Amino acid sequence: MGFETGDDAAVFDLGNGSYLVQTVDFITPVLDDPYLFGRVSALNSLSDVYAMGGRPLTALSVFLLNCSLEADSIKAMLQGAADECAAAGAALCGGHTVADKEIKLGFSVTGIIEDGRIYKNFGLRAGDALIYTKKLGVGLVTTALKAGKASDEHIKAVADTMLLSNRNASGVLRQFDVSACTDITGFGMAGHGYEMAKGSGVTINFDSKCFAFQDGAKDYASQFIIPGGAYANEEFVKPFCGYSAAADNSHMLFFDPQTSGGLLIGVAEKEAEAMVRVLSSVGYPDASVVGIATEKTDKSVIFI
């Protein structure tokens with residue numbers, strides 16, 4: 001696979017129906033606890049392999065750190081990441097560190113697909129249902145955390161969302177007639193939805209009422225505690241997206257960058273509700289049908 005559709009990972013054909021899956025990603029701290037941040041960073045990187053339907057094999061760390069950072073914090077971050085890699089069955093084989101003013105931690109992950117089934121961020125068919133597996137609003141809550149405005153309850157809830165691996169959801173893909181899959185991260189629901197719709201030659205109609213949202217996210221948006229990336233996403237997608245700007249800024253939830261976000265899955269409509277039930281049974285209680293693909297219109301993505 002090449003660069004044409006901006007998919008979640010590179011895929012290299014090994015022959016005999018096996019494919020190598022490779023990706024790299026890193027993030028700045030989204031939680032104050034270094035151990036939990038390390039876990040989130042690893043899960044965020046592993047997610048791209050899961051979105052393609054792959055199984056992680058190895059990981060190499062990419063660690064940019066301020067040299068004044070305490071040794072215990074460094075150890076905690078890497079231990080958190082190592083624990084998540086181990087849980088995923090991926091060997092953390094080493095990595096590279098660079099001195100930088102701002103902490104950034106991520107991983108280059110190699111995975112494998114052994115049955116020839118690659119899940120791409122395009123291939124949606126008109127009539128397919130769209131399922132999302134997690135709550136939206138992660139970026140709004142973590143921005144409120146950085147501003148000292150987030151409540152302890154909201155911080156705990158957003159941490160739980162980011163710490164929910166996409167591994168089990170990836171395992172469900174093969175049980176249904178799935179046409180496309182991607183994980184929702186920095187471009188937000190609107191941005192990643194646009195990529196999926198454009199690559200598939202369809203329009204995605206999202207039902208705003210069907211999404212689950214992080215506790216507090218709407219309140220923070222109404223207070224203009226909004227990450228800069230959300231405004232950048234809105235500016236980029238606006239020409240291709242049909243939506244109404246709300247006085248309370250609730251529309252920004254769909255442009256909000258997600259860290260360790262969930263999977264957006266296109267599936268045959270007749271199988272959608274069954275897939276939601278299975279996803280719920282394997283650890284995704286917020287999974288729901290959030291939209292439908294239709295024949296292409298003048299907009300790639302529409303929020304109603």
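This is a predicted model: local features need pLDDT of at least 70, side-chain atom pairs count only at pLDDT 80 or more; totals for chains, interfaces and linings use all residues.

Biologist: Great, sheet first. What is the strand order in the open sheet of 7 strands?
Modeller: The order is β7-β10-β6-β11-β8-β12-β9, and the pairing is mixed. The edge strands, β7 (178–183) and β9 (241–242), each pair on one side only.

Biologist: And in which sense do β7 and β10 pair?
Modeller: They are antiparallel, joined over 5 bridges. Thr182, for instance, has Leu264 in β10 as its bridge partner.

Biologist: Which strands does helix α9 lie across?
Modeller: Helix α9 (residues 272–281) lies across β6, β7, β10 and β11, at about 10° to β6. Helix α1 (residues 34–51) lies across β7 and β10, running at about 170° to β7.

Biologist: Switching to helices: at what angle do α6 and α8 pack?
Modeller: About 35°, with the axes 9 Å apart. The crossing of α6 past α8 is left-handed.

Biologist: Which residues meet there, α6 to α8?
Modeller: From α6 you have Gly188, Ala190, Gly191 and Tyr194, meeting Asn233, Phe236 and Val237 of α8. That contact has 4 nonpolar residues, 3 polar and no charged.

Biologist: Last one, Met162: buried or exposed?
Modeller: Met162 counts as buried because its relative accessible area is 0%, under the 20% cut-off. Met162 sits in helix α4 (residues 152–162).

Biologist: What does Met162 touch, leaving out residues up to four places away in sequence?
Modeller: Its contacts include Val30, Leu31, Val40, Leu43, Lys134 and Thr259.

How values were computed
Residues are numbered from 1 along each chain as its sequence is written. Side-chain values use heavy atoms; hydrogens and water are left out. Axes are lines fitted to C-alpha atoms, for helices over the stretch in contact, and angles run from 0 to 180 degrees between N-to-C directions. Helices (H or I, at least four residues) and strands (E, at least two) are DSSP runs, numbered from the N terminus. A crossing is left-handed if the near helix is turned anticlockwise from the far one by less than a right angle, and right-handed if clockwise. Contact means heavy atoms within 4.5 Å. Ala, Val, Leu, Ile, Met, Phe, Trp, Tyr, Cys and Pro count as nonpolar, Asp, Glu, Lys and Arg as charged, and the others, Gly among them, as polar. Buried means under 20% relative accessible area, exposed over 50%, partly exposed in between (1.4 Å probe, protein chains only). Two strands pair if DSSP finds at least two bridges between them.
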